[in-house]
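Subject: Structure handover

Hi,

Here is the structure I promised to pass on. Have a look at it first, and then read my notes below.

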Amino acid sequence: MNTLKTIQTLSKIGKILSKIVFICCVVAFCGCIATIISLAFGAETLRIGGLTLKGIFQKSAETSIGTVYAAAATGLILSAGEAVLAKFAQVYFTNELADGTPFTLAGAKEMMRLGVLTICIPAGTTLLTIIARAVIAEVCGEIADLRLDCGESIALGVMFLIASLLCRYGAETSRRTAAE
């Protein structure tokens, strides 16, 4: 029972961290939208100390306005994907805590879904980001390079898939033992 208590404590931590990540992603998403809107409508008209918003980005950051748009679009897409993934993780941990054990067939199925989503969502958002950056580069000209990698999420997703099989095996073993 000591191990189950540790698992439940880790699930509580996972639930809290998932909620924090979700909130941070929503804030980042809104910030990226605000950046894109302010650039679209205020880059040439908004003046601070004689400089336009566009000029401030280009002088202080030594970057093109296309790069700023690309960075905001990248943040928008990636934070949206991570918010969705964090919400699925939060739901899993909430349900696991309600069940009191990860060794249920429903919990194992939910963990398998979380594993698949942990692989697919970052891969999909990376692809969308590459497409968005190509479109922005075509419209705005040259933009700074960005290296995106979703290898860690693939590894984490595979670990979730393996753990889901272990949890399903535990649930099946518990059912057989209870039936005897």
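Among the contacts (heavy atoms within 4.5 Å) between residues at least 6 apart in the sequence, 77% join residues at least 24 apart. Please keep in mind that this is a predicted model, where local features need pLDDT of at least 70 and side-chain atom pairs count only at pLDDT 80 or more, while totals for chains, interfaces and linings use all residues. Residues are numbered from 1 along each chain as its sequence is written, and side-chain values use heavy atoms, with hydrogens and water left out.

The protein has five helices and two strands, in the order α-β-β-α-α-α-α along the sequence. These are DSSP runs numbered from the N terminus, with helices being H or I of at least four residues and strands E of at least two.

Of its 180 residues, 33% count as buried, that is, under 20% relative accessible area, with exposed being over 50% and partly exposed in between (1.4 Å probe, protein chains only). The protein exposes about 10,900 Å², and carbon and sulfur atoms supply 69% of that; areas come from the Shrake-Rupley method with a 1.4 Å probe, and for residues only the protein chains shown count as cover.

Leu17 sits in helix H1 (residues 2-42), and Leu17 counts as partly exposed because its relative accessibility is 48%.

Now the spaces. On a 1 Å grid over the protein atoms alone, a cavity is a set of points where a 1.4 Å probe fits but cannot get out, a pocket is an open set with protein on both sides within 12 Å along at least five of seven lines, and lining residues have an atom within 4 Å of a point. Points are joined across faces, edges and corners, and a volume is the space filled by probe spheres set on them.

The largest pocket holds about 260 Å³. Of its 16 lining residues, Glu82, Leu85, Ala86, Ala89 and Leu156 are the closest to its centre. H3 gives the most to this lining, five residues.

There is one cavity of 30 Å³ or more, and H3 supplies the largest share of the largest cavity's lining, four residues.

Best wishes
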